[in-house]
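Subject: Structure for you to look at

Hi,

Here is the structure I promised to pass on. Open it in your viewer and keep it next to this email while you read.

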Amino acid sequence: MYKQEEIKPYGKQGAKEKLVEEMFDNIAPTYDTLNHRLSWNIDKGWRRSAIRQLAPGKPKRILDIATGTGDFAILAAQALCPEKIVGIDISEGMLKVAREKVKHAHLEGKVEMRKEDCLAMSFPDNTFDAATSAFGIRNFQDLDKGLAEICRVMKPGGQLSLVELTTPVSFPMKQLFKIYSHTILPVYGKLISKDKGAYQYLTASIEAFPQGAQMVGILKKAGFSQASFRRLTFGICTMYYAQK
């Protein structure tokens, strides 16, 4: 078990999966506003970088895991022009927002949003040419199982592109990020979402999540033949690439 698997929203007991679903249902209406403001809109650039990793493979069918409000799936549809993108999430509240955004972008025929358990997906083996996730796998109740499940539904040679929030490793950004994540982030999160617990969980899960070389090793253990990482924006975010 990895440390972040023990960290649960609101400090409650019970299955992490259910608590994460409850948390995201609660914050869904304000999620986009907070995401962009708390990252000063840099998160949009992180997603674009992750999508560029997939461009050489020209994937036709893409799975977006823990799609949330659908930003990554919509951006991938516009940038990569695949035949189909399926975004999955356990939070119906987040998916409701995502479906409205897909409709607004006129992508209903290309982007589908489905409620799925990321640790036990309904898709057959070898279904997707590529898989993506932005800030989602950190919430898995069982990281090894979730990554192995992603690998299962990808075709041989399929590409995985991830971005995750991480803790910077170098001075002074390491110290500055710690101050920011323990003060400004939870206070502002509470003001906008009225849910302080959700943004306390965010900070705790970022700090506990495996990153860098350790995460590369975890990806390989899950069945990916190769994996690599690159830190973005002084290490606030880390981008991973793996291939089945």
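To start with the sheet: how many strands does it have, and in what order do they come? There are 7 strands in an open sheet, ordered S3-S2-S1-S4-S5-S7-S6, and the pairing is mixed. Strand S3 (111-115) and strand S6 (226-232) are the edge strands, each pairing on one side only. From one strand to the next, the twist averages 15°. Before you go further, please keep in mind that this is a predicted model.

If strand pairing is new to you, here is the background: strands of a sheet pair through backbone hydrogen bonds, either parallel or antiparallel. You can find both kinds here. Strand S4 (residues 128-134) and strand S5 (residues 154-165) run parallel and are joined by 6 bridges; Thr132, for example, has Ser161 in S5 as its bridge partner. S5 and S7 run antiparallel, with 7 bridges between them. S6 and S7 are also antiparallel, paired over 7 bridges.

Have a look at Met239 in S7. Met239 is the bridge partner of Val163, and Arg230 has Met239 as its bridge partner too. Strand S7 (residues 237-243) has 6 of its 7 residues buried, so the rest of the structure largely encloses it. The hairpin of S6 and S7 has 4 residues between the strands, and Thr233 there takes a positive phi near 50°.

Next, the inside. The largest nonpolar core has 46 residues, and Val111 and Val163 are those with the most contacts inside it. A second, separate core has 32 residues, including Leu63, Ala131, Val153 and Leu160. Leaving out neighbours within four places in sequence, the residues in contact with Val163 include Trp46, Phe72, Phe135 and Met239.

Now for the helices. Helix H5 (residues 92-104) lies across strand S2 (84-89) and S3, at about 170° to S3. In the loop between H5 and S3 you will find Ala105. Is Ala105 buried, partly exposed or exposed? Its relative accessible area is 24%, so Ala105 counts as partly exposed. Not counting residues up to four places away in sequence, Ala105 touches Ile74 and Gln78.

Helix H6 (residues 143-153) has several buried residues, among them Leu147, Ile150 and Val153. The buried residues of H6 pack against strand S1 (61-65), S4, S5 and helix H10 (213-221). At the start of H6, a side-chain oxygen of Asp142 comes to within 3.3 Å of the backbone nitrogen of Asp144.

In helix H7 (residues 173-182), the buried residues are Phe177, Tyr180 and Ser181. Why do they line one face of the helix? Looking down the axis of H7, its buried residues fall within an arc of 90°, so they line one face. Lys178 and Ile179 are exposed, on the face of H7 turned away from its buried side.

Ser181 also leads you to Thr203, in helix H9 (residues 196-208). A polar atom of the Thr203 side chain lies 2.7 Å from the backbone oxygen of Ser181. Thr203 has 6% relative accessibility, so Thr203 counts as buried. Apart from neighbours within four places in sequence, Thr203 is in contact with Ser181, His182 and Leu185.

Happy browsing!

Methods:
Residues are numbered from 1 along each chain as its sequence is written. This is a predicted model: local features need pLDDT of at least 70, side-chain atom pairs count only at pLDDT 80 or more; totals for chains, interfaces and linings use all residues. Side-chain values use heavy atoms; hydrogens and water are left out. A nonpolar core is a set of buried Ala, Val, Leu, Ile, Met, Phe, Trp, Tyr and Cys residues joined through side-chain atoms within 4.5 Å. Buried means under 20% relative accessible area, exposed over 50%, partly exposed in between (1.4 Å probe, protein chains only). Contact means heavy atoms within 4.5 Å. Two strands pair if DSSP finds at least two bridges between them. Helices (H or I, at least four residues) and strands (E, at least two) are DSSP runs, numbered from the N terminus. Axes are lines fitted to C-alpha atoms, for helices over the stretch in contact, and angles run from 0 to 180 degrees between N-to-C directions. A polar contact is a pair of N or O atoms within 3.5 Å; within protein, one must be able to donate a hydrogen and the other to accept it, and residues adjacent in sequence count only if both atoms are side-chain atoms. The arc is that of the directions from the helix axis to the C-beta atoms.
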